[in-house]
Amino acid sequence: HFRKSVKGQRVIRRMVNLREEGLSFQAIADALNEERIKPREGGKWVKSAVFYIPKRACEPATQQPIIA
């Protein structure tokens, strides 16, 4: 999981800091791309990922149901 890796946590912290500075989700995606920070899947950052990743990182991890 992206949020569990040290690099992933740094990227999430960067997103949150930029958002706290007042940047839009698109501006954050552009900044990460300009800083050559790659998403886990490769390619470029898009605003929807910048919106969802920090939000999901704050949610507790879901547990898989135990099947007997």
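**View 1. Ile28, a residue tucked away in helix H2.** Let's start with Ile28, which is found in helix H2. Keep in mind that this is a predicted model. Is Ile28 buried or exposed? Its relative accessible area is 0%, and anything under 20% counts as buried, so Ile28 is buried. Not counting residues up to four places away in sequence, Ile28 touches Met15, Leu18, Arg19, Leu23 and Val50.

**View 2. The whole chain, for orientation.** Stepping back for a moment, the protein chain has three helices and zero strands. Read along the sequence, that gives the pattern α-α-α. Of its 68 residues, 22% count as buried. How many of the contacts with a separation of 6 or more link residues 24 or more positions apart? The share is 43% in this protein chain.

**View 3. Where H1 meets H2.** Here we look at helix H1 (residues 6-20) and helix H2 (residues 25-34), whose axes come within 10 Å and cross at roughly 135 degrees. That angle makes H1 oblique to H2. As for handedness, H1 passes H2 in a right-handed crossing. On the H1 side, the contact is made by Arg14, Met15, Leu18 and Arg19, while H2 brings Phe25, Ile28, Ala31 and Leu32. Sorted by class, this contact of H1 with H2 has six nonpolar residues, two charged ones and no polar ones.

**View 4. Where H2 meets H3.** Which residues of H2 meet H3? They are Phe25, Gln26, Ile28, Ala29 and Leu32, and they meet Lys47, Val50 and Phe51 in H3. The residues of this contact of H2 with H3 divide into six nonpolar, one polar and one charged.

**View 5. The largest nonpolar core.** In soluble globular proteins, nonpolar side chains tend to be buried together. In this model, the largest nonpolar core has ten residues in all: Val11, Met15, Leu18, Ile28, Ala29, Ala31, Leu32, Ile37, Trp45 and Val50. The elements that give two or more residues to this core are H1 and H2. Which element provides the largest share of the core? That would be H2, with four residues.

View 6. Leaving aside its neighbours within four places in sequence, Met15 is in contact with Ile28, Leu32, Trp45, Val50, Ile53 and Pro54.

View 7. Most residues other than glycine have a negative phi. Arg36, though, has a positive phi of about 60 degrees, although it is not a glycine. Where is Arg36 found? It lies in the loop between H2 and helix H3 (47-57). With a relative accessible area of 73%, Arg36 is exposed, whereas Ile28 is buried.

Note on methods: Residues are numbered from 1 along each chain as its sequence is written. This is a predicted model: local features need pLDDT of at least 70, side-chain atom pairs count only at pLDDT 80 or more; totals for chains, interfaces and linings use all residues. Side-chain values use heavy atoms; hydrogens and water are left out. Axes are lines fitted to C-alpha atoms, for helices over the stretch in contact, and angles run from 0 to 180 degrees between N-to-C directions. Angles under 35 degrees count as roughly parallel, over 145 as roughly antiparallel, 65 to 115 as roughly perpendicular and the rest as oblique. A crossing is left-handed if the near helix is turned anticlockwise from the far one by less than a right angle, and right-handed if clockwise. Contact means heavy atoms within 4.5 Å. Ala, Val, Leu, Ile, Met, Phe, Trp, Tyr, Cys and Pro count as nonpolar, Asp, Glu, Lys and Arg as charged, and the others, Gly among them, as polar. A nonpolar core is a set of buried Ala, Val, Leu, Ile, Met, Phe, Trp, Tyr and Cys residues joined through side-chain atoms within 4.5 Å. Buried means under 20% relative accessible area, exposed over 50%, partly exposed in between (1.4 Å probe, protein chains only).
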